[in-house]
Amino acid sequence: MWPMVLCLPPPGALWLNLRSSEENIWKLCEYIKTHNQYPLEECYAVFISNERKMIPIWKQQARPGNGPVIWDYHVVLLHVSSGEQSFIYDLDTVLPFPCPFDTYVEDALKTDNDIHPQFRRKFRVIRADSYLKNFASDRSHMKDSSGNWREPPPPYPCIETEDKEDNAEGDHPANKQPMWDPWDPTQDCLTPKPVPSPANQG
């Protein structure tokens, strides 16, 4: 098994955009596929959000210190290697890049037991190959109400699919209904587990 941690450039050499973690992870998936050094099927894009689009994540570059950043949603890459340690790739974290899965859960996600219910995180786990095929964005969600960029956009062209130019809003993975795959990262990074919530109780 190839050690994934040795195959990628440092995060500063990747396509970091503070307003577009979904594009950052798409480009990371593309990098993995293009270099073809280990199986893409071991990699997943993980969307983190909730119904209120208010979720805390700790150890983020946007807020140095011990407090969390409150994101509307955030996207990371999960690499699950059979028989090996699993890693999280978060291009916004101050934790190691990549970060061992258990360390990321403990330090960046923490436990929902200590979080007010309105801020509790839910997860959508998408295979990297499916994410590369189906994600698209015209970046309109990166602009303010006057049509101005909130932050400079990425230097590469907008990501498109064959049949649609944008799903960063209406059918963005963070907006789908039912919203979230039943997966609890504090229990198991390999097997989805039920997460009780109003969104999946019928």
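This is a predicted model: local features need pLDDT of at least 70, side-chain atom pairs count only at pLDDT 80 or more; totals for chains, interfaces and linings use all residues.
Local features need pLDDT of at least 70, side-chain atom pairs count only at pLDDT 80 or more, and totals for chains, interfaces and linings use all residues. Residues are numbered from 1 along each chain as its sequence is written, and side-chain values use heavy atoms, without hydrogens and water.

Helices (H or I, at least four residues) and strands (E, at least two) are DSSP runs, numbered from the N terminus. An open sheet is formed by 5 strands in the order 6-5-4-1-7, with antiparallel pairing; two strands pair if DSSP finds at least two bridges between them. Strand 6 and strand 7 are the edge strands, each pairing on one side only. Strand 1 is joined to strand 7 by 6 bridges, and V46 stands opposite V125 in strand 7.

In helix 2 (residues 101–109), F101, Y104, V105, A108 and L109 are buried, that is, under 20% relative accessible area, whereas exposed means over 50% (1.4 Å probe, protein chains only).

N50 lies in the loop between strand 1 and strand 2 and is buried, with a relative accessible area of 2%. The table gives its side-chain polar contacts (pairs of N or O atoms within 3.5 Å, one able to donate a hydrogen and the other to accept it; residues adjacent in sequence count only if both atoms are side-chain atoms).

| Side chain | Atom reached | Distance |
|---|---|---|
| N50 | backbone nitrogen of K53 | 2.7 Å |
| N50 | backbone oxygen of Q118 | 3.2 Å |
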